[in-house]
Amino acid sequence: MSGATSADVDVFGLGAEHEQVVFCNDPATGLKAIVAIHSTALGPALGGTRFYPYASTNDALVDALNLSRGMSYKAALAGLDLGGGKAVIIGDPTRLKSESLLRAYGRFVQSLNGRYFTACDVGTYSEDMDHIARECDFVTGRTVAHGGAGDSSVLTAYGVFQGMRAAAEQVWGEPTLAGRTVGVAGVGKVGRHLVRHLIEDGASVVVTDVHAPSVESVRAAYPQVVAVASTDELVASELDVYAPCALGGAISDEVLEVLSAKIVCGAANNQLAHPGIEKQLEERGILYAPDYCVNSGGLIQVADELEGFSFERAQQRATGIFDTTRRVFALARADGVPPAIAADRLAERRMREVGRLRGFYLR
Ligand SMILES: NC(=O)c1ccc[n+]([C@@H]2O[C@H](COP(=O)([O-])OP(=O)(O)OC[C@H]3O[C@@H](n4cnc5c(N)ncnc54)[C@H](O)[C@@H]3O)[C@@H](O)[C@H]2O)c1
């Protein structure tokens, strides 16, 4: 038996804000998973399982800690009675994923007894959730055939569109994108639904994607959509709104230098490339609709599944993203801070004020 050696990973330091971090190990199936529970102040922690070939355990841990913290804020701002959690499974899903691994993972999630609910994320799909659910009661995002909410990108796109309408109202006085030019970077699951909402609202749409078939399928459905070769070309073109719908870090110093858009509002998580850039956006006169505020439609969709999924009820709740985005802008004006800071303040206030009520004794 080889003994453990001390390493420079300080879990308690990295996760100083977190309630619980669980390491799950099953050598027979190759399962190596980390579940990070940031907060259960508002309810059980909910967040997807990311299945990804991390270069190191440390990278996986840092991702789980950051993502779970983000989920606490997203759920709080969306008005859900849920806390923030996230899980990562370390490895290449195309090689490692199996029924037995997923079911082993399900048994670990079950052992948390409802403190953490899992769902889909990068590298996991509704079918995987069905496998996990065979061992575990705390799973959402299952297939429609198994009573699940199905593809969460439908309401994610709808919510982003609602947030964009609120931003348009703030900048141009009317909650519509009619007559505006919107650049959508990434027309995958969310981006292509967003294009539909924009076209229906009367916007001109410019798209780009590294995956050519995705662009072709959008252009086949909407021939009036203009395609450009790269995100660099998109951000440098004449835009009223820029909607990052691909990867994180979309708003960098380089992008800010060339961006003509007056609004940034898209689905991608963690759009701001570094702290402080929210202030630069404001100085450049660009209104930023905070990512986790406007992209919470998918979380709303899978959270609804916990009550027995109703698309109408979930959509109604996602319509509320319009009002929530307005509240963020109003607080930003009142406090004299960028919207990204205002969103954090609203989420923290709700965690504090509503979370406190759970300390009341009820028989
Ligand atoms: N699906 C959801 O419900 C949901 C919810 C909240 C947030 N998000 C976030 O929204 C974003 C999009 O999610 P999705 O589910 O549509 O993912 P997806 O993988 O279906 O789509 C992403 C698209 O971006 C393209 N892309 C990747 N790199 C690119 C680049 N450098 N330039 C241009 N295009 C590029 C991909 O080819 C793909 O078509 C992600 O950041 C995701 O984390 C998604």
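## Packing of helix 4 and helix 5

In this predicted model, helix 4, which covers residues 99–111, packs against helix 5, residues 126–133, at an angle of about 60 degrees, and their axes lie 7 Å apart. Angles from 65 to 115 degrees count as roughly perpendicular and those under 35 degrees as roughly parallel, and helix 4 and helix 5 are therefore described as oblique to each other. The crossing in which helix 4 passes helix 5 is right-handed.

On the side of helix 4, the contact is formed by Glu99, Leu102, Arg103, Tyr105 and Gly106, while helix 5 contributes Asp128, His131 and Ile132. By residue class, the contact of helix 4 with helix 5 is made up of three nonpolar, two polar and three charged residues.

The structure contains zero disulfides. Cys120 takes part in no disulfide, and the cysteine sulfur nearest to that of Cys120 belongs to Cys136, at a distance of 13 Å, whereas a disulfide is counted for a pair of cysteine sulfur atoms within 2.5 Å. Cys120 counts as partly exposed because its relative accessibility is 27%, a value that falls between the limits of 20% for buried and 50% for exposed.

Cys136 is likewise in no disulfide, and for this residue the nearest cysteine sulfur is that of Cys24, 11 Å away. With a relative accessible area of 3%, Cys136 is buried, since the class of buried residues takes in values under 20%.

How values were computed:
Residues are numbered from 1 along each chain as its sequence is written. This is a predicted model: local features need pLDDT of at least 70, side-chain atom pairs count only at pLDDT 80 or more; totals for chains, interfaces and linings use all residues. Side-chain values use heavy atoms; hydrogens and water are left out. Axes are lines fitted to C-alpha atoms, for helices over the stretch in contact, and angles run from 0 to 180 degrees between N-to-C directions. Helices (H or I, at least four residues) and strands (E, at least two) are DSSP runs, numbered from the N terminus. Angles under 35 degrees count as roughly parallel, over 145 as roughly antiparallel, 65 to 115 as roughly perpendicular and the rest as oblique. A crossing is left-handed if the near helix is turned anticlockwise from the far one by less than a right angle, and right-handed if clockwise. Contact means heavy atoms within 4.5 Å. Ala, Val, Leu, Ile, Met, Phe, Trp, Tyr, Cys and Pro count as nonpolar, Asp, Glu, Lys and Arg as charged, and the others, Gly among them, as polar. Buried means under 20% relative accessible area, exposed over 50%, partly exposed in between (1.4 Å probe, protein chains only).
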